[in-house]
Amino acid sequence: MTASATQRQSFDVRILRQAGPGQQSYWETFRIPYEPNLNVISVLQKIATMARTAEGKETTPVAWDCNCLEEVCGACTMVINGRVRQSCSALVDRLLEEHDGEIELQPMTKFPVVRDLMVDRGRMFRALERVKAWVPVDDYYDRGAGPKESQESQEQRYPLSECMTCGCCVEACPQYLKVEATRRPNESIEEHEARQTEAEQGKFLGAAPISQAILFNDHTTGGMISDQRLEALTSAGGIQVCGNSQNCVSVCPKEIPLTTSIARAGRQATWYSFKTIFDR
Ligand code: SF4
Ligand code: SF4
Ligand code: FES
C-alpha cells in the first residue's frame, strides 16, 4: 500500500446514471469510506446500502450486473476510469493511484443501457448465433469416437475458447456502432427483442464472434459447417467491415489473439468467396 493510500479516509466515485432505456443520463457522486483491498463491485455494494450522494441528497440505488465475481462471466463489464474492464477484478487501490484519488464509472457505450451501469449485451449473443458458434449435433445416438484433434490444433484453439462475451473488444472497436431500438409503450419484451434483432441485421459482428467462428471452423467436427459460418462472415456486417485498427486485441482481458483470428477469418473468407464464384 502506498503512503497516500494509508492516509486516505474516503474517496469519491462518480457514476453516469440512467433511469431506463432511452432516458437522459446524468452524473452522481458518492463518497465511500476508504478500506484497503476493495474492488469496484464491493464499492457498488456499499453505494447500494447508502443510497445517498456525496452532497447528502437521497437517491435510488445504482444498478449494475455481475455473476461470477472472478472475471469469467463478463457480466460486470463497464468503463472504469475511461477504460473498459471488469468491475469484479478492478481494484480500488490501483484505480485511485491512476486517476487522482477518484473513480469514474460509466456503462459501456456500444450497448443499450438497461439501467445505470447495466447494459444489454444481447447483440453479442445474437452475433454468435449468426456465425453458428457451436459444434452441430445431428442426433444423440452413440456413433463412436469422433475425429481426433491434433495437439497443435488444440493449442491454437484453446485461447479462443476463453472468450467470455464481455464486450470489451466491441466497446473499443471504431467499426462497431451502437444499435438501439428503443422500447415502445405497450410493446412486449418479445416484440421489442424482435425489432432490436431486425435493427442489428447487416451491422458489424465485432471481433469476438469472428474469433468464435474461427474456433469452431478449425475444430474437426465443427468444421463440417464452416461454409455456413463463412457465409455469415462474408455477408453484410461481416469481416470486410473490420478496419484493422487492432483496438480489440489491446483491451481483451483474456488476451485472446483477436487480430490473428481476424487474419485467419479473412483468409478463409477469401477462399470461400473464390469457391462460391466457381461453384455458380
Ligand atoms: S474476445 Fe476478449 S474482449 Fe472480446 S468478448 Fe471475448 S473476452 Fe471479451
Ligand atoms: S481490428 Fe477490426 S474488430 Fe478489432 S478493433 Fe479494429 S476494426 Fe474492430
Ligand atoms: S462478475 Fe463475472 S466477470 Fe465480473
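Modeller: Buried area is the accessible area (1.4 Å probe) that two parts lose on being put together, summed over both. This is a predicted model, in which local features need pLDDT of at least 70 and side-chain atom pairs pLDDT 80 or more, while totals for chains, interfaces and linings use all residues. Residues are numbered from 1 along each chain as its sequence is written, chains are lettered from A and ligands numbered from 1 in written order, and side-chain values use heavy atoms, without hydrogens and water.

Biologist: How much area is buried between domain 1 and domain 2?

Modeller: The size of an interface is often given as the accessible area lost when the parts come together. Here the chain is divided into domain 1 (3-115) and domain 2 (121-279), with bounds from an automatic or database domain assignment, and about 1,600 Å² is buried between them, 57% of it from carbon and sulfur atoms. On the domain 1 side, Val84, Lys110 and Phe111 lose the most area to domain 2, together giving 42% of what that side buries.

Biologist: Where does the largest pocket lie?

Modeller: Rolling a probe the size of a water molecule over the atoms shows where empty space is left. Because domain 1 and domain 2 both give residues to its lining, the largest pocket lies between them. Helix 7 (189-200) is among the elements that each supply at least two lining residues, as are strand 6 (113-115) and helix 4 (122-130), where helices (H or I, at least four residues) and strands (E, at least two) are DSSP runs numbered from the N terminus. Helix 7 gives the most, with four residues.
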